[in-house]
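Me: I am new to this structure and would like to go through a few parts of it. Could we begin with the strands?

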Amino acid sequence: MDTCNHQSAEGIMATLQLTKNAEIVLKARYLLGDETPEDLFWRVARAIAEPEEDKEAWAQTFFEMMASCQFMPNSPTLFNAGTGQGTLSACFVIPIEDTMESIMKAATTSAMIQKFGGGIGYSFSKLRSRGSHISTTHGKACGAVSVLKMLSALSDMITQGGKRHGANMGILNVSHPEIMNFIHLKDTNQEAQNFNVSVAVTDAFMRAVDKDQEWELVDPCTNEVTETLPARRIWDDIIHSAWETGDPGLYFIDESNRHNPTPHLGDLDSTNPCGEVPLLAHEACNLASINLAQFAIDGTMNYPGLAELTRKATRFLDNVVTVNSFPILEVKTTVDSTRKVGLGVMGWHDALIKLNIPYDSPRALELADEVMSFINQISKETSLDLALGRGAYPACREEVPIRNATRTCIAPTGSISVIAGASSGVEPIFAVAFVKNVLDGKRLTEVNSYFEDIAKERGFYNTELMEEVARTGSVQGIDTVPDDVKALFKTALEIDYETHVRMQAAFQTHTDLAVSKTINMPNTASKDDIEYAYRTAFQTKCKGITIYRDGSKPTQVLEVPTTSVKTVPATEQNPPKGLVPRERPRAMRGIT
């Protein structure tokens, strides 16, 4: 990792531990005018320290947390804190009622939120189905799917703060009359490509599938049954479309609401775009992540250091709620009433490598349970302490007053993990090495720094090895790499999908909100594999699941451009199960 020394505005020597990639991303998307990375961190630190009595001391603390890459807040906080405009929250849920006024208000609100970097989730379950009678105009309703497409078109127009396009989540209850159209919405990879879509499945529906029962589709306005279908047919169609394109995912809505801290305020009908933040209508949440790799030291986790940072990070996020601003009053009112925050982690696979623990080992699952339980408990204790001095969140009905209705969640950390020089969220690494096409057209060969260090320490480093790793992105087929090192550096597609699901479940057990996790599958994965993954997620009490079969979209976030993936035709109902060999590429490209 490249380390750069910079002189701070206060004359204090601070060490910015930024990789070249981090500097490129910061310059392209985050720095304002002639800001340096250090200027950015000071801008954010001072803005978030405003609620403190000793502003300078806390600003210094917050600056050091970011400059050391031990901690990073979500992108909107980095974009907008200290600028006097925009929101600091990444995640919003906007309600859509069955009226034209509500639909158009949602569109306006969404545009203002996305303009400044927020991602939005919607539940379309309250909208009457396409063709339903409208008494006021004697016309027919356009339907839930059409409203989703309208919001998708709106989102296409918006570039968030000139930095990125809007992101959305669309959720429809499995009992809605349009559920079959919704399931197949993205089958052609043409419609609503800026929407993730998930079916809100209930415990009752899962039982109906198990018992091969009929399932009633119910008009949300009249509560009349419009159609009855075999539950298994709906389930099979969900699996088929997910196998084809990765959509839809599942939102286990009953499990989510079992953990709703404020049921008196409403249900958690939708989530943010990546699924890790179930929220009330008009609610928002601000997120941040701890870089766990920084606390894996000398073969063990530094729990005292992790506890100290968790306390500071929870306080940081509570301050964000206080200084935050929003485009509409309803959002501010709801956020102020619950004060939800979401502290998560990144650098998980990096930490396992430093601890000499393979990602797909039982010990990794045990440690996930141990580490997240620790962070969750420390964050809760900090929120309880904050309530003593600052007061509980206004809607609190808990026995012991607490400052924040939620404290933890696991975000994907796409951009901030690049800034921190860490692996994304709780995901395994995508490749040991790859060729990156950077913004100015340059091609940079990157080899995982931990692998490079181990290769040098163990004495099997040489130029030919590095070229081979860069050519394939994997070390599994290289004879000169020891087996124990190969085990540490398995990539996302080299790790069994059941391990992916169980890792998500391990973190979910100790997370207030939810966990963003892609369940990666090889191109050869079958529909039976997808069904097994979905059922495992439900049985292990995940709040949702998203699978992705490699090559099932014409373009994907992380891909191998030099060798075309031989996608199994959609007409093939039972593709071969398990991994089969395929030619390795000369280079691979990663884009977040």
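Me: Which residue in β20 is the bridge partner of Leu 287?
Reply: The partner of Leu 287 is Gly 342, in β20. Please note that this is a predicted model.

Me: Which strand pairs with β20, and in what sense?
Reply: Strand β17, residues 283–291, pairs with β20 in the parallel sense, over six bridges.

Me: How many residues of β20 are buried?
Reply: Six of the six residues in β20, which spans 341–346, are buried, and the strand is mostly covered.

Me: Which residues lie on one side of β20 and which on the other?
Reply: Val 341, Leu 343 and Val 345 are on one side, while Gly 342, Gly 344 and Met 346 are on the other. Both faces are covered. In a regular strand, side chains alternate between the two faces of the sheet.

Me: Changing topic to helix α6: how many residues does it have, and what does it reach from first C-alpha to last?
Reply: Helix α6 has 14 residues, 144–157, and reaches 21 Å, which is close to the 20 Å expected at 1.5 Å a residue.

Me: Which residues of α6 are buried?
Reply: The buried residues of α6 are Ala 144, Val 145, Val 147, Leu 148, Leu 151, Ser 152 and Ser 155. They cover an arc of only 155 degrees around the axis, so they lie on the same side of α6.

Me: What covers them?
Reply: The cover over the buried residues of α6 includes α5 (100–115), β5 (119–123), β10 (168–173), α7 (179–183) and β11 (195–201).

Me: And which exposed residues are on the face turned away from the buried side of α6?
Reply: That face of α6 carries Asp 156 and Met 157, which are exposed.

Me: Now Leu 26. Where is its place, and is it buried or exposed?
Reply: Leu 26 sits in helix α1, residues 20–30. Leu 26 has a relative accessible area of 0%, so it is buried.

Me: What does Leu 26 touch, leaving out residues up to four places away in sequence?
Reply: Leu 26 touches Leu 18, Leu 31, Pro 37, Leu 40 and Ile 419. The C-alpha atoms of Leu 26 and Leu 40 are separated by 9.1 Å, and the two residues are 14 apart along the chain.

Me: Finally, what is the mean pLDDT of the chain?
Reply: The mean pLDDT is 89, and 87% of the residues reach 70 or more. Over residues 1–13 the pLDDT is below 50, and this stretch has 33 contacts in the model beyond near neighbours in sequence. Residues 559–592 also have a pLDDT below 50, with 82 contacts beyond near neighbours in sequence.

Conventions
Residues numbered from 1 in each chain as written. Predicted model: local features only at pLDDT ≥ 70, side-chain atom pairs only at ≥ 80, totals over all residues. Heavy atoms only, no water. Helix = DSSP H or I, 4+ residues; strand = E, 2+ residues; numbered from the N terminus. Expected span 1.5 Å × (residues − 1). Buried < 20%, exposed > 50% of the residue type's maximum accessible area, 1.4 Å probe, protein only. Arc of directions from axis to C-beta. Contact = heavy atoms within 4.5 Å. pLDDT = per-residue confidence, 0-100. Pairing = 2+ DSSP bridges.
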